[in-house]
Structures are given as structure tokens and as C-alpha cells.
Amino acid sequence: MTNHWIDLRNSDCILIIGSNAAENHPISFKWVTAAMTRANNPAKLISVDPRFTRTSSKADIYAPIRSGTDIAFIGGMIRYILNDMQSLSRTERAEKYNLTYLTQYTNAALIIHSEFEGWKDPTHPGLFVGFTENTNPAPGNLGGYSKSKWGYADAGSPDTDAALLGNNWTNWSDLNPKCVLRLLWENYEDFTPEMVEKVTGCPQSTFEQVCEAYAATGAPGKAGTIMYAMGTTQHTYGTQNIRGYAILQLLLGNIGVAGGGINALRGTSNVQGSTDMCLLSHILPGYLSVVNHKLQTLEQYVDTVGRKGKAPVVPKGLAGDKSASWWWLSESAQNYKKYLVSLLKAWWMDNATEENDFCFNYLPKINAGQDADYTHIGTFEAVAKGIVKGMMVWGQNPAVGGPDAEGERKALEKLDWLMVTDLFETETAAFWYRDGADPGSIGTEVFLLPAACSYEKQGSISNSGRWAQWRYKALDPIGEAKSDLAIVDALVLKLKEKYAGETGPKADPINQLYWDYHTEGEYADEADPNKVALEIHGYYTKDVGDKKKGDLVTNFVSLATDGSTCSGNWLYSGMFTTDGRNKAKDRDPVDASLNQIGLYSGWSWCWPINRRIIYNRASVDLDGSPWDDIHPVIAYQEGSHNPATNTCKWLGDIADGGWSPIAVSKNDGKPAYLPFIMQNEGVAHIWGPGRAEGPLPVAYEPWESPLETNLVTGVPAQLDESPKGMPGFNDPCCYVGDLGGMNQRGRPNWEDPTNGFNCVGTTYRVSEHWQAGQMTRNHPWLIELQPQPIAEMGEELADDVGVKNGDIVKVVTARGSIEAVAVVTKRFRRMTIGDKQVDHVGVPWHWGYKGLSKGISPNGSSGNVLTPHVGDANTTIPEYKTFLCRVEKA
Amino acid sequence: MELSRRDFLKFSGVATAGGLAAAKMLEAQPVSAESLDLELSKPIGEVPTICCYCGVGCGAIAAADADKVINIEGDPDHPINQGSLCSKGQALAQMRTVNGKDNPNRLTKPLYRAPYSTEWEVIEDWDTALDMIADRIKKTRDETWLDKIDVGGTSYTVNRTDGIAEFGGGELDNEECYLLAKMARALGLVYLEHCARI
Amino acid sequence: MAKAILFDSTKCTACRGCQVACKQWNNLEAEETVNTGTYENPPDLSSRTWLKMRFIEPPDGDGKVWLFSRRACMHCTEAGCVKVCPTGAVYHHEEGFVAYNKDICSGCGYCVDACPFDVPRMVGSTLTGKKKMEKCVFCADRVANEEKPACVKTCPTGALIYGERTEMVDLAEQRVSKLAADGVDAQLYGKDELDGLHVLYVLAHSPKDYKLPVNPEVSPSVTLWQDILKVMGYAAVGAVAGGLLLNYMVARARMVKEKEGK
């Protein structure tokens, strides 16, 4: 979340899309309800979902859409806003939209490469310039782009469109043909309300209500927020769905302001923190890039990854003329290098020296390029191929949660050994005696370790709003269970014993690993989470000036490139005060923010440096005054500009950089800092050339689509015998997996009357269960509420297949089938898409074959038995949310 | 800031959470007439925790004795949830205690399944379990270790193993996740993932 | 002063925190259920389920309405259960709600028939076979200690609030006016029904749509026979009746006093 939960109450319009917040984040509705019931200007709530949910039941506007058509919907909203902007007079335009924000804080006015060609170019329909199809068989990406023509025309100092900056235009032709805003119009010109209805199934009149309500948040001082979750991300173009939201929010000036933002609702209690700690194949703690084989030295790494772009990009003609370019700051301070060196010191401490490159080569290096995928999907394919032979699973249950779950279960049979820690016996741990498996032919050794639950240990977790909160121990772990911290500590000490006496590249990283977490008393024999937290925050590794070895650093600004500091994760550097107070334990219940907008900055601590709303420099005008007087996030204190440092006193939240406001710095002849400090050009990306499949989202069809032709791009589907996806119909860069032929992949036949997969299937969760179920399917109170897996469907479909409410039905895809209780409801309606009647079937994925509550079919009835092993073009997140299926009475 | 009694108890709970919990020996009883006028039928709880389910981060307060949970409900001081919890949060107690007894499905000892076996066997002590696991890790790691790879005739140092994957976990504490990342990278693992990806 | 719970259906998301909170605080065991084609479960109130949420999809709707309603003891002022209870086990607490002293319940079950909302449930002890009534007790121990009832405390959206009944009526009326101004066919249920319920409902449709009885009343036969039943009841529990009668009369007197004070 750019913002945080309580801040929802400050919003004027809440758009919930790709999320069912009332069911999956129930307490969020405390603040949604607060916004909707406040006395003055109550907020409107919009729910966009294929199914009418508990969230929809509270919405002012419910907009049904076909699963997987978010880009058509959002693209239509973008078109509505652009069309509105263009048709208004200059004065009305400036009243209804925040044109200063749009032109000065985003790249809307910047000029793109003269040879850029959009997806409507007849020589490459549905695709941007620079595409090459991948001719290798799966697994792999469908294709890839050369992005050389996607950048700014002048890469170092992009030009801007003067007419746009001056609000001096009437027609699109008044703007430079390669100006971002005009290219945005061209990208979405065809996304008319008629087209939106045809593609998404949302009635035009409803769609127009949504547009009108949401566009109203574009006025200066108004704020709209987007709440999204896995309904957005779990598509082959999930990243581009979010890009669509970002563009919409930037057009309306909704990022950085109270009641605004792009708010990813995190599904597990510490998935924010576990992501920050980077239990992910492409990053090291603090989102530092993983090392690839081409980067043999620290210097090469820092040069390539840490100084991307080499110098900040400075757009011409904007009021601001300086980018902080935080990641890639290339002047005196090299933040990227500081963070990595401090991490290496935290890991190898005294063994990491300037002479040995701070043990840089102890970090494993992946293969550069696309010949290996190390993400979840790729890992399971490597397991299926026998490349991965041993696996440690800590509190995860991929046998229920992974795509093509039965395929992934089967892949586990190839392992030599598997170690699982969990609270309960999981489907993953029990894969070897699941239905259909023959234990006598499975040679995998399996270890199942009993873990402590959340209140049987202590430590910090970070919520969706980035608040790191300490939780305490209420009682000792059950039986002989141990915390995962105690287990990993004991395991590493064992490994050190095993490698003792060995030397060389295999043994050195283990033997030299700094590992010293025991303290006195309760933690004499196991790791003390308080001590681990201190290492994450960081301290001095030697005396520096008035700092003594062991003194805590202030925060990441104190970190150094010379090895004099350590910090396990720079983002969390700042969680402690220098005298050792752990701010994650802070419980000051007073809201001291400006106008009490609900920041509660004294309650717990959030990264970075307790900034509660990120990008908050965009919440003020060029003079530093809040756009919204009622909900000010930060405000420039008049007269506080310090000419020597070019900084000032900001009131309210921790400002996104302490520099003075743009106009104040400029008047003083100082560099005027642009608001989006993490971007190289200092302004936010409406135009985003970093994504795999294009600088702007295009409405592609899901991997398995009910259509023969993409109704937006006009590109036909690939429907021959061995379907493999079609760039321009499908996402051209999506990841096409292959679990060693264990399960059929590819596009099944929609029309075949006997074997046709003629429904759109989707997976989701219910309020009463949690993720892969191991932490709720053993809880009688929750099982009572939701005892069995369900398959929700509309009355029209149920009639067609002869199913009545409460019947057991079978849902079948090319991967497999599950049985579930039919919930026949008007809340799922048949849609007309193009010339087709499309029905949805929705299945939760919580259930499995272990625990107190099991599925109906022996395979456990998880919805993920049905989902394909394909993934997003940028992240490989699996396409859980849309697939083709059919329903039968069981 | 003036501390309320509740706050004071919580702060002292911070220091002596275990002791405080152990001190709450009141037996849980169904509501009965005797308690109508005066006493709570059980303690409400003073040990602050954060709900383990979704990413909202609601505060809860727990009352427990040495081996069972007596009550867990919302933390009224917490600014996000202000005492409220959803159905899952309200069921937190059953993670440990069901009908006054240990949740019978919780794992309490390390288990081992031998190759081709049809059953779990209990490993009697942790040291043995971790010793066995460390042996497996070392064997696989040593057998699959890559000092260098050859790409287009050039040799590159990579110092990694493709033979071991580590998964998890979005429910673990930050400190746990951090040490898991540290261990994995020190082992040379490149297949490191968790539920944030999916 | 009488207390009340106000349930505002227009704010309820049916997260069912209340349903589990009730079981959690009152140590009620889970029931074994099956799914019958609805999110709603358990199917009905029981001795182990004192509160449940209803999920209602109007059969003639357009699929854009999903109603959620609370089902539990309504804590009536004119309470059939109190009238018929021969032992005084069910009585009006001085704060207006219908309290219950399980220890002196004779297990006669008259309250079950007397309730116009079909709330009380009888359950036999597995050890003695002796029957006892079970129902929501308004978390009497919590409210006596300045804690909200468990269901109210856990409600995230303010769909359940608790306080002085007069204040709850005021808030409910304000909410109804506000909703009406927005074009909702809003109604307040429970203000006058059975001389006033201590669970009030703000509804966005008619009570019928929420499966609430319109004009609920205690059957005249209950009123007619109550004195006879009580006598019979005391005879049945004669051994303990002497002491309990005193309790009963005190409780009764309290209620009368409170009624007069209104």
C-alpha cells in the first residue's frame, strides 16, 4: 500500500477492483464504512468484480466484469477522463483536473522516441514496436521486446510539450504526436463505453456511472483510492493491470495524497515483511538486485545495477529541475553500494573486507538472461526435471496453493528430500500418501517439523500499510514445537559443524557466516529475535568519529560503502533509536498528524523512516501547500527554507526527502527537487517503458479465453492442434510453463459439444478460511462456518447443466477436476461477450486432503487443481484467476 | 503521555509476558448466574499480539495459562482495528486450544518419512532431526555445487547450487524471514521463493 | 437504565466476527455442519450457537442485493420466556435484557414455545440427562464489567453498537432518516415491538425480507396460562423452589420498578 488502512477514511471515492476486501480483509471495512458514513461529503464505493460479493453488497455502484478484462475496463476509464479533459474549456479543465500535478509531477508532457509505434500500427497489430516471438518450445516467454524505441526522444534531458504544460490546447493534434498524453489517448482511443461493454460485459450505463464518480476525484483537493489484491495480479498481464491503475491515479492526481494511492491489500500477515526481506529469487533483502553471472565484482554490480542510467534524467521545461533519483544517485553518495556493502558486512562481518570485495563472491549468481526461471513456476519445473533435489518449505503449502496443484504435487515425488515446518500436517508434507500416489514408488525422504504459532513466540511483522508491529509471546510453544527462528538458528549451527575444517568456495560462505544470536536468559539456547532485529537495523562495525563499534546507526542515511557499518536490510534501518528503543514496540495511541488524518505515527514503526504515506511530496503544490486543506499529509512551514542546505521544515508526515518546495528552491536559485524521488527523472511514470510487454497496458485475452478474436486488438487466437498462445491475442511476453508434460497445457476447445470447456473459471477465497487452509481447516469454529468447498455459478448455467443449489458438482479443466457443493446464485450473471454467452464458475482454493476439514473429491478439491502453469510476463505470478472449464453434475 | 491501567499492564506484559500469562490461572467457565453481577467469567487478556491472518495487522490481546489459551480478542487500543476482529481473528485461540485442550491436529514432535515408507515416524529429539536434515543439505549441496559456469567459452564464477530450493513464508516474523534469506544465500541457493510470488 | 444492542444491517458485511466472538467468549463448541448451497451456517440456532448471521438473496432480485441479518435473542420487554419461566431462571436484568440463571433452570422448556422469535434451545446434559435451556445472555458478565458484549466489541464496521437503549433508538432513527433521504426504504425494527426489544435493527427493506416477524407477539395462551404454568412449575421443582422464589420475586420486582421508572 502506498497509503495505509486508516487512511481509507480520508477518501472521496473508493474503487475496489480485483479485491473482495469485505471478505478477505474484513477490518478494512471499518475505514471504508467510516468514509462512506462521514457527515460531510461521504465517499462513494465502487465494486468491480465478476461476482456480486459481500464487498459489492455495500457498494454504491457494482460493475460486473468478465474475469481478466481489467485493462479494457480501466483503459475505458482512462479514455473517459482524457476525452473529458480534451473537451473541456481551459478554465473548466483546470478546475476539474489537477493539471499542475499531471504536467509537473508525471511524465505526461514528456516527448517519446520519434520511431515509437503503438499496438494499432497495422504492421504489428496488438504489439508495440520491437517484438520478437520466441521460437523455443515452452517453458519460456511467448516473446520479448527490444525496448530501444520506447524511451524518451532525448534520453538524458527529455523535451516537454509546451502546449500541454501551459494548458494551451484544444485538440489532440495541438500536442506533439509523441507527447506521452497524446500517445496515451491513441492507446485507448478505441476503448469506448460500447467497446468496454462488448469486452468486459459491464453494461455501458453502469460503466459510465463508474467513470463519472471516479473522475470526480481528479479535482485538486479530492482523492480517490484503489484497493486491489490478487484478482488484479494473478493474470498473465497482472503487472499491466496495476500499471493501468497507476496511470489512472496519476491522471487524477491521486498518488501521495491522503485518501488516495494504490493500495495492494496483502493477503498474509507478513507477506509485506517477507517480501521486504526478499525471500524471492530476483532480490536480496531491501529489494537489492540478485547477482547474475556477468557481474563478477562488486564494482561491476554497483556499476550495472546500482547506477542504472548513470546520471539522473532531467526533463526540460518543468518547474522542478532536479531528481533525487534515490536508487541510482550517482554523485557523492552511492546508496545502492552502501546498502549492499552493509548487507555483506551483516552476513560475513569481519570476514568481509575491502580487499576481498566484502565477500561479494559468496553471493550466488544466477544465469543472466531468460534461459532459467527461478520463480515459483520455474522452481517446480526444475523439481519436475530433477534439477532441484532437495527442498525446504517454511510455512507454505504449495500442494494446495501452487498452480496446477496436482502437477506440482507429482513433481515433489522427484525430490530426494523435503523438509517442511508448519503448525499442522500440510498437503505438501503429505504429498507422498495423497490419493493416487503410490508411497512404495516414492523415494523422497520427508521431514515435518513442528513450528510455534504466532503467539507462542515474539517478533515483528509488517502489515500491508508497512507498519512493523512487534507481537509478544503469550505462552510457550505446544509440545516440542519451536519457532522458525529457533529452527533456522539450530540448523545453521548444525551446518557450520558439518563444514567445520573444510575450506574453499563451498565451505567458506558457511564457515565465515556471521551467526551469533543467543543472549542470556530466555534466549540462552536459541536465537533472540531482538538481537536479530538489531542486526537488520544495523550498527557500526568499527569506531568511526564519535561512534563506537557496536553503536546503532541512526538509519540508512548512516550506512557507508567502506564496510564501517552493517545492516541486514536498509529499508528497516531506522526501526531502532540509537539508544536501542525498538519502535516496532511503540504504542502511542495519540494521532498527532496534521488535522488528525489518522497517521498514528507513534504507533509501531513503518518503512521508510516512519513515512506513513509514500510519495507525499506530490500531495503539495509547487509552493509546498497541500492540495487538500482538510486532509494535509505534509505542509511547508512558511519561512523555514534553509538556503545553505536547500531544505526546510515540513509539518505532518515524514516528507519524501527534506528538500524545500519546488518554487521555494527555485526562487532561491537552488536545485528544485521533483516529487517522485525513486524515479530517475523525478516524475511519476504514466509512460512506463520498464515493463516486458509495453510502456502502456493493452487489453490482451487470458491464456485460456472464450474468444476466437481479441475484440480490442483484432488479433485472432491460435487454435490449431497444439495451441501455444498468440502474441497480441494473449499477452505477448507471458511465461508459458511446462511441468514436464505431466498435465495438459494450452488452450482447450471452447466449442466442442462433448468436451467443451465452455465456462470461465476463477478462484478466490472466502472470509472464513485462509490461503492454503492449514491455519483454518483445523479450527472447528471456522469449519463450522464454511465446512466444504463450493462452486458458485449463475442460475442460467445451473439450469443448462441440470444442477440445483446444494448439489455436488464436478468442475473440470484441462489439468484436472474437483468436486464441490454448488452454490447457485443470482450474484453470478450470464454475460454477453461479443457474440457469445459467457458464464462464470467460481471456486475457492482453500481445501485439500489433510486437516480436520477436507475437500469433497479425494484430491482435496482445491481450485488450484484446475489452474494452469502459466504466469505473468513480468513476475510469473500464476494465472489463477481466469481459465476455461466445464461443470457437470457429479 | 499518561498511561492507563491497561497500557501499564501491557507495558509490563512486554517485559514479563510469560510470567504474566502464567499468573492468569483463572479457569474458563461458561457464563453462569454467579458471574452475572460482578466478575468476568474469564480474563480478557493483556498480552498484545498481532493477528496472523491477513495483512491488515489487527491487534489482539491474549490471556493464557501455562499450557492453554483462555481468551483472545481484539485490542481496543489498537488504532487500526480498535478492538474488532473478523471470524478468523476471533478464532485465533483455536490455533492452540480447542474446547479447553490442545488442538489435537497441531504437530508436537519432529516427524520423518523414510523412502518408500507408508508412514510417519517420530524423531525423538530435535538434535537428531536437525542433524539428519543438515546431512541432506550438505550432501545435495556438495554434489550439485557450481563454482563456475561456462557461457560462450568464458568461465564465470557463480558459487551456487541449483540442487536445493527454499520456500516460505509470508506468515513468519521479519526476523525469521531475514535469517532464512541469510541462510539460503550463504548456502548458495538461487531457487528461493515464497507466497508473495503466487 | 436499559441497555440495547443496535444492529445496522446497512453497515454489516457478514464477516461473522460476531458469530465466532460469541462462541469464543462463551466457550461454545463448534457444530459439525455441511454446506447446503449457501454461505450461511450453522443452519439454525442451537444450544451451542446463540448467535448466527443470515445471508439472504431475495428470490425475485436482480442479483444486486445480498442482505445480512442477525439472529439471536431479541431481549424483549414483553418477554414470553420470562412470563412462562416457572423458576425465575429467565428474568429481566435490571438493565433490561433477558438474563438467565442456568443453575436454576428446571428444564421444562416452556420458554421455547413462548418465544415469538424461536430462540431458546434445550439441551440435555450428557452426564445426567437433565435438560437446560441455552440462549444469548447479552454477555451479562462483560457488560457488568464495562465491557461490550463480545459480538459488539468485535464488529468492525459499527453494524453492531451497544449503549443506553434511548440513545440507541435516537441513533437508529437518525440513521433511518439519513438512509431515507438517500432513497432507501429504511426502517427501524424493535423500537416498539413487544414493548421494545433490546436488540434494535436498522433495515434497508421490510422486516419480512430479513425473515423477521412483522408485529411479533407473545401468544395469548402464554399470557393466559402463565400463572397456572408457574404454579405447576414450582410444584415440579418444589425442593429448590423456596429459595429460588425469593430470587425470582426480587428479580421481578426489579423489573417492575424499572418499568415504572420509565
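Predicted model: local features only at pLDDT ≥ 70, side-chain atom pairs only at ≥ 80, totals over all residues.
Within chain A, strand 15 pairs in the parallel sense with strand 14 (residues 417-422), and six bridges connect the two strands. In this pairing W417(A) stands opposite E445(A) of strand 15. Strand 15 of chain A also pairs across the chain boundary, where three bridges in the antiparallel sense link it to strand 6 (residues 111-113) of chain B. There, L448(A) stands opposite L111(B), and V446(A) stands opposite R113(B).

The C-alpha trace of chain A spans about 75 × 75 × 55 Å along its principal axes, and 66% of the 890 residues count as buried. When contacts in chain A between residues at least 6 apart in sequence are considered, 69% of them join residues at least 24 apart.

The interface between chains A and B brings 139 residues of chain A into contact with 109 residues of chain B. On the side of chain A that touches chain B, the largest share comes from helix 18 (residues 484-499) of chain A, which gives ten residues. By class, this side of chain A is made up of 77 nonpolar, 41 polar and 21 charged residues.

Between chains B and C, 26 residues of chain B are in contact with 25 residues of chain C. The elements of chain B that give two or more residues to the side touching chain C are strand 3 (69-74) and helix 3 (87-90), and helix 3 of chain B gives the most, with three residues. The side of chain B that touches chain C divides by class into twelve nonpolar, eleven polar and three charged residues.

Chain B also contains an enclosed strand: five of the five residues of strand 10 (residues 189-193) are buried, so this strand is largely enclosed by the rest of the structure. Strand 10 of chain B runs parallel to strand 9 (residues 154-168) of chain B, and four bridges join the two. One of the residues involved is E166(B), whose bridge partner in strand 10 is L192(B). A cis peptide bond, with omega about -10°, joins G168(B) and G169(B), and G169(B) is found in the loop between strand 9 and helix 5 (174-186) of chain B.

Most residues other than glycine have a negative phi, and most peptide bonds are trans. In chain A, the peptide bond from W607(A) to P608(A) is cis, with omega near -10°, and P608(A) has its place in the loop between strand 20 (605-606) and strand 21 (634-636) of chain A. The loop between strand 20 and strand 21 of chain A also holds N610(A), which has a positive phi of about 65° although it is not a glycine. N610(A) is buried, because 21 other C-beta atoms lie within 10 Å, the cut-off for a buried residue being 20 or more. In chain C, A14(C) likewise has a positive phi, near 55°, in a residue other than glycine. A14(C) lies in the loop between strand 1 (3-8) and helix 1 (17-26) of chain C, and A14(C) is buried, with 27 other C-beta atoms within 10 Å.

Chain C itself is divided into domain 1 (3-75 + 140-210) and domain 2 (80-135 + 219-261). The contact between these domains takes twelve residues from domain 1 and twelve residues from domain 2. On the side of domain 1 of chain C that touches domain 2, the residues divide into six nonpolar, four polar and two charged.

Definitions and conventions. Residues numbered from 1 in each chain as written. Chains lettered and ligands numbered in written order. Domains from an automatic or database assignment. Contact = placed C-beta atoms within 7 Å. Nonpolar A, V, L, I, M, F, W, Y, C, P; charged D, E, K, R; others polar. Buried ≥ 20, exposed ≤ 12 C-beta atoms within 10 Å, placed from the backbone. Pairing = 2+ DSSP bridges.
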